[in-house]
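Trainee: I have this one open on my screen, so please go through some of its side chains with me.

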Amino acid sequence: MNIGTDLGKNKRKKFSELKTLSNVFENFKWDSAEVLDLDGNEIELKGQWHRKIFQNDRPIVLELACGQGHYARALAKQEPDKNYIGIDVKGNRIWSAAKRAMDHQLDNVRFLRTRIEQLEMFFEKDEVDEIWITFPDPFNRQAKHKKRLTSNHFLNSYKNVLKADGIIHLKTDSQILYDYTQEVFKTFPVEVLENLS
């Protein structure tokens with residue numbers, strides 16, 4: 001049986017196909033914002049999402065660690081008056097999200113393959129209206145708490161790209177992440193609009 005070989009070939013095929021999808025932008029240099037267009041030319045995304053990418057002035061909403069982009073795609077379909085961007089580092093997940101978005105002809109959703117730590121390389125101050133963080137990895141071990149998407153480090157990054165009245169939506173089923181986030185909010189200048197615990 002060649003299960004590993006077959007899976008490897010399938011993954012390589014998807015990664016190759018990612019380069020041909022018009023709704024995907026990929027970044028492979030973790031120290032730069034280099035992204036190539038379909039012709040292999042470097043393009044600037046920061047500050048250009050409205051004008052160059054979506055070609056409209058609709059609000060921009062991010063789904064962080066989007067996986068297969070379930071929320072980004074569902075919200076894009078439900079709210080066509082907003083632009084959605086799913087962000088994840090895993091190519092296999094981004095491929096699935098992008099293909100499904102194209103199959104459903106969702107022209108108000110794009111995907112960015114990069115690390116969330118690099119958010120500020122791709123978005124200008126006040127460029128984002130909302131952020132969705134849906135069921136992120138809770139990193140249950142205390143030693144990994146800085147990797148949690150609700151840590152002070154990440155919240156500062158979100159603050160730097162969100163508009164002053166921007167909103168962060170957090171959905172979690174982890175009591176550890178929920179409690180941690182409540183503690184972080186005590187020291188971070190944030191207004192909790194709704195808490196459905």
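Trainee: What's the relative accessible area of Arg-115?
Mentor: Arg-115 has 34% and is partly exposed, where buried means under 20% relative accessible area, exposed over 50%, and partly exposed in between (1.4 Å probe, protein chains only). Keep in mind that this is a predicted model, in which local features need pLDDT of at least 70 and side-chain atom pairs count only at pLDDT 80 or more, while totals for chains, interfaces and linings use all residues. Residues are numbered from 1 along each chain as its sequence is written, and side-chain values use heavy atoms, leaving out hydrogens and water.

Trainee: Which side chain does Arg-115 meet in a salt bridge?
Mentor: That of Glu-117, at 3.8 Å, N to O, a salt bridge being a side-chain nitrogen of Lys or Arg within 4 Å of a carboxyl oxygen of Asp or Glu. Glu-117 is partly exposed too, at 43%.

Trainee: And how many salt bridges in the whole structure?
Mentor: A search finds eight. One of them joins Asp-129 and Lys-163 at 3.1 Å, and this pair links distant parts of the chain, strand S7 (residues 128-134) and strand S8 (residues 162-171), 34 residues apart; strands are DSSP runs of E, at least two residues, and helices of H or I, at least four, numbered from the N terminus. Asp-129 is buried at 17%, whereas Lys-163 is partly exposed at 31%.

Trainee: New topic: where is Asn-23 found?
Mentor: Asn-23 is in the loop between helix H1 (3-18) and strand S1 (24-26), and is buried, with 5% relative accessible area.
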